[in-house]
Amino acid sequence: MKHIITINKANLKNTAAKGGCGKCQASCQSACKTSCTVANQKCEK
Amino acid sequence: MIHKYKLNGLNIVLDVHSGGVHLVDEITYDLLDNVEPPFEEECPKWVIEKMMRFHDERDVVTSYKEIVKLYKEGILFSEDDYEKFAAYSVASPIKAMCLLVEQDCNLRCEYCFAETGDYGLGKRMHMSFETGKKAMDFLLENSGNRENLELDFFGGEPLMNWDVVKQLVEYGRSREKEFGKRFRFTVTTNGMLLDREKMDFINREMSNVVLSVDGRKEVNDRVRKRVDGTGCYDRIMDKYKELVDLRKNENYYVRGTFTKYNLDFAEDVLHLYNEGFDQISAEPVVCEPTMSYALTEKELPAIFSEYERLANIILEHDKQGKHFNFFHFMLDLDQGPCAIKRLRGCGSGNEYVAITPEGDIYPCHQFVGIEKYKMGNLNDGTFNTDIKKEFAAAHIYSKEDCKKCWAKFYCSGGCNANNYVYTGNILTAHKLSCEMEKKRLECAIMIKAAKAAEELDAEV
Ligand code: SF4
Ligand code: SF4
C-alpha cells in the first residue's frame with residue numbers, strides 16, 4: 001500500500017463476539033478517581 | 001463511521017467500528033472527504049475531476065483503490081453492528097465497591113467534590129467496622145461468579161479512619177477462601193497521615209494506591225490547603241517518594257487536578273516526573289462553572305494546546321529513553337478491553353456501588369447525597385434493583401450523543417455522574433467533558449501513530 005498504513009490490528013469486532021466476561025477491573029471514567037479511560041485497561045481473560 | 005484529523009504532522013484516520021487506525025497521505029486525507037460507501041470499483045469521474053485540481057490523477061486512482069480494499073477488509077467505514085450487544089446490557093453482578101470509610105478530611109481543597117468531606121450532607125461521619133463488614137458481605141454475596149472484587153477505601157480522607165481500614169482488610173482476607181474470591185484493595189489518600197507503619201500495610205495489602213498532589217508547589221498549595229490555610233506540598237512529597245520507593249515503583253499513581261489556575265498543567269506533570277514519579281494523572285476539575293477556578297468553554301483552546309504540548313513532551317522523553325505514563329494518554333490499540341466492556345464503561349450503579357458511613361448505597365462515590373439515586377441501605381437491607389437496571393441500561397447506544405460519537409469505544413459514554421450533575425440526566429453527555437475527552441484521545445492515538453511511524457521509518 002502506497003497511500004495508507006494501518007498501524008494496528010483493528011480487531012474490535014472480534015472482541016465483541018468473545019467478550020463480556022466481566023473479569024476485568026471496574027473503571028471510573030471520571031476526573032475524581034481512578035481516572036482510567038476504559039481504553040487504557042487490559043482484558044483479563 | 002470514520003474520524004480523521006491532523007496532529008503533529010500526521011494524518012490520522014480512525015475507523016470507529018473496527019478500531020482500525022490508519023496513517024494516510026495528503027491525497028487520501030482529501031479523498032476521504034469525497035467518498036463513502038457504497039463504493040464502485042473505479043473512482044467516480046466527478047471525484048477524480050474535483051481532486052485533480054490539487055493532486056495527480058494517477059495518485060487519486062490508486063488511493064481510491066486502497067480505500068476500497070480496506071473497506072472490503074472491514075477496517076475502513078466498517079459497519080456499526082454493536083447495537084445488538086448493547087441490548088444484552090442487563091444487570092450484572094456487583095464486582096467493585098467504593099467504601100467512604102471517612103467523610104471527614106484534614107485538608108480543605110478548594111475544588112473538592114466531597115465538599116471537604118461531608119459530600120454536602122452537613123455531617124462528618126466515620127464508617128464503623130460493623131458497617132464496613134456489612135458492606136463487604138454485601139459485595140461477597142452479590143458478586144455472582146466474579147472472582148476478583150475491587151474495594152477502594154475512599155473518603156474524605158480514609159487514613160483518618162485507619163484502624164477500621166486495617167480491620168476491614170483483615171476481615172476481607174478472612175472470607176476470601178470460603179467464597180472463592182480475591183479482594184483487590186486500593187486506597188486514595190492525600191498523604192497527610194502517611195507514616196511508615198501505614199506505608200508498609202498499604203504496600204503489603206493494596207493492589208493500587210492513589211496519591212493526590214497537583215504538581216508544582218505553588219500550584220498545589222494554592223488549592224490543596226490545610227485547615228489553617230497553608231499548603232500541604234512540603235508535608236506530603238517526601239512521604240509519597242518513600243511509599244513509592246518501598247513498593248518498588250509499582251502499582252501506584254500520583255494524581256492531580258488542574259484548574260483554570262494552571263492551564264499550563266503539562267508543567268505540573270513534568271514536575272511530578274522530575275520528582276521521581278512515572279505514573280501520573282492530571283484531571284480537569286469538576287465544579288460549578290461559576291467558581292473562579294472553573295474550566296469553561298473559554299478555556300478549551302488553551303487546554304487543547306496544552307494536551308498537545310504534553311503529548312509532544314511525552315514523545316520527546318520517550319526518544320531519550322525516559323518513559324512515564326500519563327493516564328489519560330494510555331491506550332492499547334490492540335489488546336484493550338473487549339467491545340462489550342466499552343459499551344458501558346465504569347459500570348456505576350450496576351457493577352460498582354459506593355457505601356457511605358451510614359450504610360447508604362449509591363451508584364458511585366459521585367452520586368453520594370443525590371437522594372433520587374440512593375439505592376438502599378445496608379442496615380435495613382433495602383436495595384432498589386430498578387435503579388440498578390436503569391444504570392445497566394446506560395450504555396453508548398442508549399445515550400443519543402454517544403451513539404453518533406467517534407470517541408464512543410474509548411470514552412464509553414463518559415461519566416454518568418457528571419452527566420447528571422451538569423445536564424440532569426445520566427444519559428445526556430456533558431459537552432465540555434466530551435470536548436476534553438476527544439482531545440485527549442486524539443493525542444493518545446497520535447502518540448501511538450507517531451511511534452508506529454518511527455518504527456516503520458527505522459525498518460526502511
Ligand atoms: S459515574 Fe462517573 S464518577 Fe461514577 S464511577 Fe462512573 S465515571 Fe466514575
Ligand atoms: S460522553 Fe461525549 S465523548 Fe464520550 S462517547 Fe459520549 S458523546 Fe462521545
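**Entry 1: salt bridges overall**

I started with a count and found 39 salt bridges over all chains of the structure. I note here that the model I am reading is predicted. As a reminder to myself, side chains of opposite charge can pair when their charged atoms come close.

I looked up B:Lys4 and found its side chain in a salt bridge with that of B:Asp33, at 3.0 Å from N to O. This pair links distant parts of the chain, 29 residues apart. I placed B:Lys4 in strand S1 of chain B, and B:Asp33 in the loop between helix H1 (26-31) and helix H2 (45-52) of chain B.

Which of the two is buried, and which is exposed? I read 18% relative accessibility for B:Lys4, and because buried means under 20%, B:Lys4 counts as buried. B:Asp33 has a relative accessible area of 55%, so I wrote it down as exposed.

**Entry 2: two pairs between helices**

Next I checked B:Glu197 and B:Lys166, whose side chains meet in a salt bridge of 3.0 Å, N to O. B:Glu197 sits in helix H7 (residues 196-205) of chain B and B:Lys166 in helix H6 (residues 162-179) of chain B, so the pair ties together parts 31 residues apart in sequence. I found B:Glu197 partly exposed at 39% relative accessibility, and B:Lys166 partly exposed at 24%.

Then I turned to B:Lys217, which forms a salt bridge with B:Asp234; their closest N and O atoms are 2.9 Å apart. B:Lys217 is partly exposed at 35%, whereas B:Asp234 is exposed at 53%.

I also came across a network of salt bridges that links B:Arg173, B:Glu176, B:Arg182, B:Arg204 and B:Glu205.

**Entry 3: the sheet around S1 of chain B**

I went back to the strand that holds B:Lys4 and traced its sheet. In what order do the strands of this open sheet come? I read four strands, S1(A)-S3(B)-S2(B)-S1(B), with antiparallel pairing. Strand S1 (4-6) of chain A and strand S1 (2-7) of chain B stand at the edges with a single partner strand each, so one side of each has no neighbour in the sheet. On average, neighbouring strands are turned by 25 degrees against each other, direction ignored.

I found six bridges joining S1(B) to strand S2 (residues 10-15) of chain B.

Key: Residues are numbered from 1 along each chain as its sequence is written. Chains are lettered from A and ligands numbered from 1 in the order in which they are written. This is a predicted model: local features need pLDDT of at least 70, side-chain atom pairs count only at pLDDT 80 or more; totals for chains, interfaces and linings use all residues. Side-chain values use heavy atoms; hydrogens and water are left out. Two strands pair if DSSP finds at least two bridges between them. Axes are lines fitted to C-alpha atoms, for helices over the stretch in contact, and angles run from 0 to 180 degrees between N-to-C directions. A salt bridge is a side-chain nitrogen of Lys or Arg within 4 Å of a carboxyl oxygen of Asp or Glu. Buried means under 20% relative accessible area, exposed over 50%, partly exposed in between (1.4 Å probe, protein chains only).
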